Amino acid sequence: MPSSINRPRGTIDVLPGEVEKWQYVEESFRRICREYGYAEIRTPVFEYTELFDRGVGETTDIIEKEMYTFLDRSERSLSLRPEGTAPIARAYVEDKLFSGPQPVKVYYQGPMFRYDRPQAGRYRQFHQLGIEVFGAFSPAIDAEVIAMSMDFCRRFGLKLDLHINSVGCGVCRPVMREKLYAGLRTRLEDLCEDCRLRLERNPLRILDCKEKRCRGMAEEAAAGLNFLCPECGDHFEKVRNYLDVLDVKYIVDHCLVRGLDYYTRTAFEIMAPGIGAQRSVGGGGRYDGLVEMFGGPPTPGIGYAMGLERLLLVMQEQGLPVPCSGRLDVYIVTAEAELEGKALRLLQELRGNGMHADKDYAGRSMKAQLKQAGKSGAPFVVILGSDELRRGKVALKDMLSGSQTEVPLADLVATVTGEIDTHFTKVRRFKG
Ligand code: ATP
Ligand code: MG
């Protein structure tokens with residue numbers, strides 16, 4: 001290329017060596033979702049912009065300054081999805097999932113796009129793992145959704161704090177808004193520019209400001225206020241009781257509001273201990289009005305989303321091993337060039353038996369092939385030599401111990417399978 005073309009700011013290439021960690025987290029997520037009875041859903045990466053304007057809320061950071069919005073060739077305004085809940089609620093309505101058995105429990109994983117300020121743990125294309133449940137009012141489901149998100153993190157050995165709150169409903173939330181408005185109106189000049197606007201449009205959002213000073217003032221203004229109506233108060237108490245039953249530890253944080261407008265009642269956030277703007281690993285909550293707003297029947301909803309990059313970052317910070325087995329199980333080395341065909345056949349046979357197997361294709365010397373084998377990270381190397389083959393044998397080298405044995409060719413697949421199993425039981429014995 002004459003002049004260099006780089007990837008867009010705020011994006012990353014996930015390279016071999018790193019991508020195994022992503023796959024490990026994604027596969028773990030898939031597994032736990034199936035255990036909890038969730039089915040996968042995939043929606044488009046872009047949607048009509050109105051979906052997010054309405055579904056996320058026009059006074060949110062996402063809509064005000066973070067969306068990738070463009071006109072397509074027919075001049076329709078489209079946006080790359082900044083989050084997963086609004087598209088899935090749209091699908092619930094559009095694909096009439098409400099007419100089947102309820103609740104509908106779905107999970108998703110994939111890229112999201114936000115024009116954020118790039119830094120560690122903050123990207124413009126990032127990846128979320130999330131779930132949504134439609135059609136369940138019971139506080140038991142709130143507790144289970146929260147418990148599942150913590151269960152998922154705990155399986156990696158992560159130590160995280162869970163913050164929970166109830167943001168009330170359409171009946172009681174206005175009381176909170178009023179209180180904040182009244183408390184902050186007189187201190188307008190101390191608020192950041194964004195929050196001065198928020199005070200008029202959506203004072204609750206001040207509790208979620210990135211400026212500590214604004215948050216502090218809002219917390220002061222809201223202090224001691226018990227605004228929840230009896231129904232919301234009762235729901236929240238039951239959620240807490242079920243979390244106690246499930247042995248999930250939490251911190252009640254009355255100032256926790258979520259960035260999106262559609263949340264009702266339960267809100268929660270999972271935070272890495274410590275300081276810094278990228279502490280939030282995931283969060284979620286209830287959104288009982290969203291489906292109806294999209295033209296569906298009145299349907300309660302609850303869900304959460306976690307950031308894959310943040311999970312990996314915190315795992316690294318907490319020194320947790322990501323048990324990725326190497327790319328290869330076996331590497332085949334040939335002592336003589338004429339054995340190439342034999343090696344190819346043996347490779348196919350190993351692969352046909354579920355083994356990850358490879359060889360050199362550059363016509364390297366045996367010494368150089370052994371070097372390649374070492375670099376490949378394969379725990380076992382099979383060496384084909386014509387003398388041994390004449391006796392119906394091949395050499396099998398255990399790369400970890402360095403020991404080498406002769407194995408009858410006819411037993412090779414069975415032997416290697418057995419060795420690989422023991423090898424990976426040893427390697428995979430990690431905490432969590
Ligand atoms: P933050 O306050 O860190 O901007 P948020 O409230 O905007 O987070 P949510 O909308 O709740 O985030 O998204 C859920 C999760 O997605 C976050 O907890 C985080 O792990 C992840 N996430 C959000 N934005 C980004 C981003 N720009 N880059 C990487 N991960 C992100
Ligand atoms: Mg954000």
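**Figure 1. Val281 meets ligand 1 through its backbone.** In this view, a polar backbone atom of Val281 sits 2.9 Å from an oxygen atom of ligand 1. Keep in mind as you look around that this is a predicted model. The protein covers 92% of the 580 Å² of accessible area that ligand 1 has on its own.

**Figure 2. Strands contribute to the shell around ligand 1.** Which of them gives the largest share? That is β10, with three residues.

**Figure 3. Asp116 and Lys210 reach ligand 1 with their side chains.** Let's look at two side chains here. A polar atom in the side chain of Asp116 is 2.7 Å from a nitrogen atom of ligand 1. For Lys210, an N or O atom of the side chain lies 3.1 Å from an oxygen atom of the ligand.

**Figure 4. Here is the set of residues around ligand 1.** How many residues surround ligand 1? There are 15, and the closest are Asp116, Arg122, Tyr123, Arg258 and Ser280.

**Figure 5. The protein chain is assigned two domains, domain 1 and domain 2.** Domain 1 is made up of two stretches, 19–172 and 228–322, while domain 2 runs over 327–430. How far apart are the C-alpha centres of domain 1 and domain 2? The distance between these centres is 46 Å.

Methods:
Residues numbered from 1 in each chain as written. Chains lettered and ligands numbered in written order. Predicted model: local features only at pLDDT ≥ 70, side-chain atom pairs only at ≥ 80, totals over all residues. Heavy atoms only, no water. Near = heavy atom within 4 Å. Polar contact = N/O pair within 3.5 Å; in protein donor to acceptor, adjacent residues only side chain to side chain. Areas by Shrake-Rupley, 256 points an atom, 1.4 Å probe, with all protein chains shown as cover. Helix = DSSP H or I, 4+ residues; strand = E, 2+ residues; numbered from the N terminus. Domains from an automatic or database assignment.
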